[in-house]
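Hello,

Here is the structure we spoke of, for your files.

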Amino acid sequence: MVTQQETSKTSWRQKLEPVLGLDLRSLAAFRIGISIIILVDLFTRFGDLTAHYTDFGVLPRTLLAEIAKPGHWSLHAISGEPIVQALLFAVAAFFALLMLVGYRTRVATIASWILLISMHNRNPVLIFAADDVLRALMFWAMFLPWGACYSFDSALNTSQRQLPETVVSGATFALMCQQCFIYIFSAAIKTKSPIWVDGSAVYYALSFDQYVTPFGHFLLNFQPILKVFTQITLVLEWVGPLVIFIPFRNSLFRLGAVVTFIGLHAGFGLTLNIGIFPFLSIFSWLAFLPSSFWNNLEQRLQTPARQGLKIYFDADCGFCKKVVHILRTLLILPGTPLLMAQDYPDIYADMEAQNSWVIEDYQGKRHFKFKGIVYVVSLSPVFRFLVPLLSWKPVMAGGTKFYEAIASNRKFAGNFTKPFKFRPLEIRKSRFLNILAVVLLIYALIWNIQSYAPDLFKRKIWQKTEAIGRVTRLDQSWSIFAPAPPRDDGWHIIPGKLENGSEVDIFRGGNPVNWDKPSLSTRSAIYHNMQWRTYFINLNRAIGKKLYPFYGKYLCYAWNIKHKGGEKLETLNIYFMDERTVPPGEKQTVEKKLTWEQTCSNLP
């Protein structure tokens, strides 16, 4: 007999689930987006591997030991050799790929989180707001079942127990709160500056040439609109994230919040060159899509062709069984029957005759070999755009030959799928993990409060627990464009004297020295990516005094390793053309500053 107390508990769970729960499909979309971000970020950073992560670059380990914060550790600091860094990048990419496809997802997530912290700590001068956001999201992802849907883990699931649609845990609550921390504490820090209150903050953000895009620069012509944008941004950051906790009509409010913040970050991406930040923020909001969104989408995608699709495979072929399960998941065709051809004599006869799997469409027509692949792809809601390419005669001919080669050598092909094992996938409730997630969430909250009001906590008491935040990188401070957008704008000129007496601009690939202000497109070419932009901004800050000697040596090394004889670099000077942003209507002035002089002759 069900007691009143048990009924009351069930009632509360039913009420809390829509508010504090996250849909497994939303978590899967979140996982895929974050994995793509990590891979793109690794690829971008790999292009500057020597410059940024080795002892031959701008921050050798001797300098890292001097500027690193206590408790910040890095596997990348084990060696200063490029080959070791390349190996660590490759390992990070491997685990990010496992996370992307969702195989051994929790292990891959933990490994990716460790390597992400390690890479960030190896060169703290490159860290931008997006890096802080990514670390925070990855921390809570370790506690989440974000590999339970649209993944290899789900494709190879042998459990007979049906997974829930949504999951409620300490980690889901923590992720929701973390999303709120990012915006609300950023807004709180912004209100310390009068330019956010008077509405001029967006003007100053778009006046910062290091970040602004041509479209953002164009918007500077509309001052009244920029004030409106400033107020809208501040209000959204203060209030917008809290909408996901509204207990009534939660699905509607959540969907509204997701759409609104995706639009906000798309606007940031169109107006500012801030690297992965807009895309990362957009992907982070996918985690909060309500179940009704996915249910409505799946309903609309249930066409007769998809409902009538049947895939038959050879029951004696372990490789074939794994492939069809994985293919069904990757192409997002849930519910498609995967049947053993041996159970259907006429299907089995066709399979033997064609030496192929058998794809049967909703009209009963059968497709074989690579044509079967093309037909199945045509029904995928995500990958059907590939059909024209796959149907192209040369691709079709090559694909058919490849399929026939695989079909004739299934045992050999099975070696490639051998690492992927069928195993049960279950979401188990853990009181310990729930309590741990909530305790760490409270700890992260204290870090955020401390970043806003440093004197609120007694220093000695706080110092005893600071090590936890440093080691786990839960040390948070959301200060992008806060308390105010930077105003120390300008550009660098680096004239260098070669041994043959000629003068070239080291910063612009050895072209003649040009002191004029570079165009926005030229700046993008000069500063390459967000990591270099952040580095050069830090050169103008207090830490720049420690960075300049090593940057000067790196410039000598990078130039002389590519040039011989009289083309070698003898000396160089680093100038910063200081163009501090002024209020609207005032004339900007440019001050030429010599920030560093470097001799290259005696360097190895």
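Cysteine 149 has a relative accessibility of 16%, so it counts as buried. Please keep in mind that this is a predicted model.

Cysteine 177 is buried as well, at a relative accessible area of 12%. The closest cysteine sulfur to that of cysteine 177 belongs to cysteine 180, and at 6.2 Å it is too far for a bond; the cut-off for a disulfide is a sulfur pair within 2.5 Å.

How many disulfides does the structure hold? There are 2. Numbered in sequence order, the bonded cysteines pair as 1-2, 3-4.

The angle about its S-S bond is 80 degrees, which makes the link of cysteine 317 and cysteine 320 right-handed. Both cysteine 317 and cysteine 320 are buried.

The other disulfide is formed by cysteine 556 and cysteine 600, with 1.9 Å between the sulfur atoms. The link of cysteine 556 and cysteine 600 is left-handed, with -60 degrees about the S-S bond. Cysteine 556 sits in helix 28 (residues 544-560), while cysteine 600 is in the segment after strand 11 (591-599), so this pair ties together parts that are 44 residues apart in sequence. Cysteine 556 has 3% relative accessibility and therefore counts as buried. Cysteine 600, also at 3% relative accessibility, counts as buried too.

Regards

Conventions
Residues numbered from 1 in each chain as written. Predicted model: local features only at pLDDT ≥ 70, side-chain atom pairs only at ≥ 80, totals over all residues. Heavy atoms only, no water. Buried < 20%, exposed > 50% of the residue type's maximum accessible area, 1.4 Å probe, protein only. Helix = DSSP H or I, 4+ residues; strand = E, 2+ residues; numbered from the N terminus.
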